[in-house]
Amino acid sequence: MGVLGPIWAIARKDLLLEFRNRDIVVSLLVFSLLVLVIFNFAVELTPVNRFVVGPGILWVAVAFAGVIGMNRAFIIEKDRDALDGLMLAPVSRDTLFFGKALGSLVFMLIAEAVLFPVFTVLFDVDILRVETAVIAAMATFGFSAAGTAFAAMAVNTRSREIMLPVLFLPVISPLLIAAVEATARVAEGGSWSDAAQWIQLTAVFDIVFFVAAAVLFHFVLED
Amino acid sequence: MKIRAGAALVIALMALVATAAMAMASGEPQTSEVARAAQQETNPNTNLGYLFAIYAITWAGFFAYIFLISRRQRELEREIKQLRQMLEDRGRAA
Amino acid sequence: MRGTVPGRSIWLAANAALMAITLWMIFIWVPTEANLGVIQRALYFHVPIAIISLVAVVLVAIGSVTYLVTNRARWDWFAHASAETGVLVGALTLITGSIWARPIWNVWWTWDAKLTTTLILWFIFVGYLMLRAYAPAGGQGARLAAIVGIIGAIDAPIIYFAADLWRTAHPGRIAGPGAEGSMTSEMGWTLLVSMIAIVSAYSYMLVERYRVRRAEAAVEALSRDASLISARGASASRADVLAAGRV
């Protein structure tokens, strides 16, 4: 099994469950598509501003949908008392964290794989490029690492549906800024070097929050 | 002991603030041309209202907070006294 | 507990005296700055409370880390007190800054790096206080809050860096108070005295808030004892004890 075995086992459990009832990915996807449509009504898009406004709307959709998806992932565990079962499993808290974060990462990437082409069609902003894929993967990585830690915390509180966005959205604001700006640079036809500083910022956020969330996670689930 | 802890806190805070102030002073922002132009157009005397608002709000915030927490503290002290009294009575009765 | 009261009264009186001296220096003694006019005098309050609101972030992080390591409740109380006073001072920083910006920058708000960072951090610590209100009482709630406190402090430089990069990526914004380049020595002294007065007032609030938190913990512990005894003695129900304690 090694180190990766248990992590994969936990992620696979989430993916299998998801494959059967498609709870999270479907809600993620439908919600994020709706955000795109709603923003289309709220903001007057012109050929000039679509490159500036579009990426912002795209990442707002991803962030809001991600909050809902990650809340869901932990509420399922909590309501069926599966979290206690997971905590009894002979694996470390780190392993639990990596497993759950991996599951969230896969769900979000699947949703983004549909969302990005739809965005390109609706907003007439071509983001179907290698650069955007790398940026999206990096941002989603930091998003799911930080989000998993916060979702595990929020699920233990009263009014948990509101606690996650309230705690999580301000914390990831630098990641959102970086993702929006990097996507905008690339969408305008820029190359790697145009988005470089934003990609670096995303990388810094990813590393810091991956380490911090992994270290702090066992305090979340301590009982 | 308690007073010493409070004094230590004040000294530590002063040190922290001094460090922060020095860090801020070293990175002094430059005045932009636009800001200068905007300043020259404003009549200094019309800004008095803003100035008083700033001081009034800060003062009101500090006062209200200190008032609220000292009231809460008095309530809690009374509650503690009652609970202690009750525990003693119970202990004697038992 | 009663023994500390005279000391605190003296401190409170000293705070008031210091504030009075500060106000005299700010409004009467210090000369008016040439570029900005009278509104520049707002700096003597705004800068100290802005610095304190950042220091509060550090204090919460120190309390939180120490609590997670030592598991001693007093560090959690300290972190909680720092967060609440920090949110208050942060709110005052944002409000006073906004009022200052209106006549100087002609807008109430601009997405400058310092403003953005202060606002985002303020939201993180409002979230911290909400978490404290909604989390289960006792050790778990304190641990969750400590994690938020630590993450907030870790995030602060990243937010500042991102906001700074973001703003400079959008040219044409108006940045930085213009007054600081032309400070006279009187202005420096006024700022120093004001800083001391505000740090002292803040410390007083912090200590008072800490004592309230400690008293709350004492009430919780005593209520627990009381309910235990009444459960054994069967003379009064737990509800009676709690009701009596609340009168």
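In chain A, helix 3 and helix 6 (residues 130-154) pack at an angle of about 40 degrees, with their axes 10 Å apart, where axes are lines fitted to C-alpha atoms, for helices over the stretch in contact, and angles run from 0 to 180 degrees between N-to-C directions. This angle makes helix 3 of chain A oblique to helix 6 of chain A, given that angles under 35 degrees count as roughly parallel, over 145 as roughly antiparallel, 65 to 115 as roughly perpendicular and the rest as oblique. The structure is a predicted model, in which local features need pLDDT of at least 70 and side-chain atom pairs count only at pLDDT 80 or more, whereas totals for chains, interfaces and linings use all residues. Residues are numbered from 1 along each chain as its sequence is written, chains are lettered from A in the order in which they are written, and side-chain values use heavy atoms, with hydrogens and water left out.

Helices are DSSP runs (H or I, at least four residues) numbered from the N terminus. The crossing of helix 3 of chain A with helix 6 of chain A is right-handed (the near helix is turned clockwise from the far one by less than a right angle, anticlockwise being left-handed). Contact, meaning heavy atoms within 4.5 Å, involves A:Trp59, A:Val62, A:Ala63, A:Gly66, A:Met70 and A:Phe74 on helix 3 of chain A, and residues including A:Phe143, A:Gly147 and A:Ala151 on helix 6 of chain A. By class, this contact of helix 3 with helix 6 of chain A has 10 nonpolar, 5 polar and no charged residues, with Ala, Val, Leu, Ile, Met, Phe, Trp, Tyr, Cys and Pro counted as nonpolar, Asp, Glu, Lys and Arg as charged, and the others, Gly among them, as polar.

Helix 3 (residues 50-79) of chain A also packs with helix 5 (residues 93-123) of chain A, at an angle of about 150 degrees and with the axes 10 Å apart, and the two helices are therefore roughly antiparallel. Their crossing is right-handed. The residues of this contact of helix 3 with helix 5 of chain A divide into 13 nonpolar, 3 polar and 4 charged.

The axes of helix 6 of chain A and helix 9 (residues 192-220) of chain A come within 9 Å and cross at roughly 25 degrees, which makes the pair roughly parallel.

Between chains, 29 residues of chain C are in contact with 29 residues of chain A.
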